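Q: Before I use a model such as this one, I would like to learn how to read its confidence, its strands and its core.

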Amino acid sequence: MVRGHPATLLLLSLLALLAGAANTPRRPLRAMAAGCPGIRLNELLPQPQRVDWNGDGTLNGDDSYVELYNGADTPCDLSGWQLDDQANAGSAPYTFPAGTVLGAYHLRVLFRGTTHITFEPYGDSVRLVQPDLRLVDQYSYFSSSPDTSFSVSVDGRTWVRSYPPSPGRPNLPATSTPNPSPAPDPSPQPSPTGTRSATRTPAPRADPTVTVTPTPTFSPTPCPAYIGYLPMIQALIPADPAGG
Ligand SMILES: [Ca+2]
Ligand SMILES: [Ca+2]
């Protein structure tokens, strides 16, 4: 249990809260709307210039648009809801007429010609408000570029300005020059270190027939010295008296 002065504990709690908030991924501020759990602002193009976004053949401010998305599996009845820019400033809010229903997983684009809301190029807000004036969703920007929209990212967690405008279509990142798909990793080859030794184990070869040179048979030569002394030896041997 941490003990300390109440003011110190309060300060520590506030610091922990701020640290947690800083680490939380940025996500659109969106309140759960009664009966419309999946409704949200999905895209905003404040500054049309060279593209006839509404396809009426005229390039003007009416090509500015707001896109809504119902990401729930039930339809959303928008009757009496309001679309607005800054609260109590800027353009008058637009009120959805009775019977306005946005189907499950459907997009709805509202051009300025319908809403009469003018979004300022140098910073403004877009807000979606329930009939009871509860704020359901909002997005604010500080500057905009011509024919560039702000879009909720694919994962729905943040707003980005890098996606190409997509009125009435899902927001997707630009598919510019197709990056060459990463080549499949070649199956690892044994490194060529250890250059194969050229000294191969020699194939076994048949031994040449060993011609054994026959050892010459030794024929004893009679010792000449012995032969020379033989008569003298014989002379020294006494004769057998028996005459044998
Ligand atoms: Ca137009
Ligand atoms: Ca879109």
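The dialogue below takes up confidence, then the sheet, then the core.

A: This is a predicted model, in which local features need pLDDT of at least 70 and side-chain atom pairs count only at pLDDT 80 or more, while totals for chains, interfaces and linings use all residues. Residues are numbered from 1 along each chain as its sequence is written, and chains are lettered from A and ligands numbered from 1 in the order in which they are written.

Q: Over which residues does pLDDT stay under 50?

A: pLDDT is the predictor's confidence in each residue, from 0 to 100, and where it is low, the predicted coordinates should not be read in detail. Here the protein chain averages 75, with 58% of the residues scoring at least 70. The score stays under 50 over residues 11-27, which have 4 contacts beyond four places in sequence, and over residues 181-231, which have 1 such contact, where a contact requires C-beta atoms, placed from the backbone, within 7 Å.

Q: What is the order of the strands in the open sheet?

A: Strands are DSSP runs of E with at least two residues, numbered from the N terminus, and two strands pair if DSSP finds at least two bridges between them. The order in this sheet of 5 strands is β8-β3-β2-β11-β12, with antiparallel pairing, and β8 (107-111) and β12 (159-160) are the edge strands, each pairing on one side only. β3 is joined to β2 by 6 bridges and to β8 by 5; Leu41 stands opposite Leu68, Glu43 stands opposite Glu67, and Val66 has Leu110 of β8 as its bridge partner.

Q: Which residues point each way from β3?

A: In a regular strand the side chains alternate between the two faces of the sheet. From β3, Tyr65, Glu67 and Tyr69 point one way, Val66, Leu68 and Asn70 the other, and all are buried, meaning that 20 or more other C-beta atoms, placed from the backbone, lie within 10 Å of their own.

Q: Which residues of the largest nonpolar core touch the most other members?

A: A nonpolar core is a set of buried Ala, Val, Leu, Ile, Met, Phe, Trp, Tyr and Cys residues joined through C-beta atoms within 7 Å. Among the 27 residues of the largest one, Leu41, Leu44 and Val66 touch the most other members, and β2 (39-45), β3 (65-70), β9 (124-129), β10 (135-141) and β11 (150-152) each supply at least two of its residues.

Key. Buried ≥ 20, exposed ≤ 12 C-beta atoms within 10 Å, placed from the backbone. Helix = DSSP H or I, 4+ residues; strand = E, 2+ residues; numbered from the N terminus. Contact = placed C-beta atoms within 7 Å.
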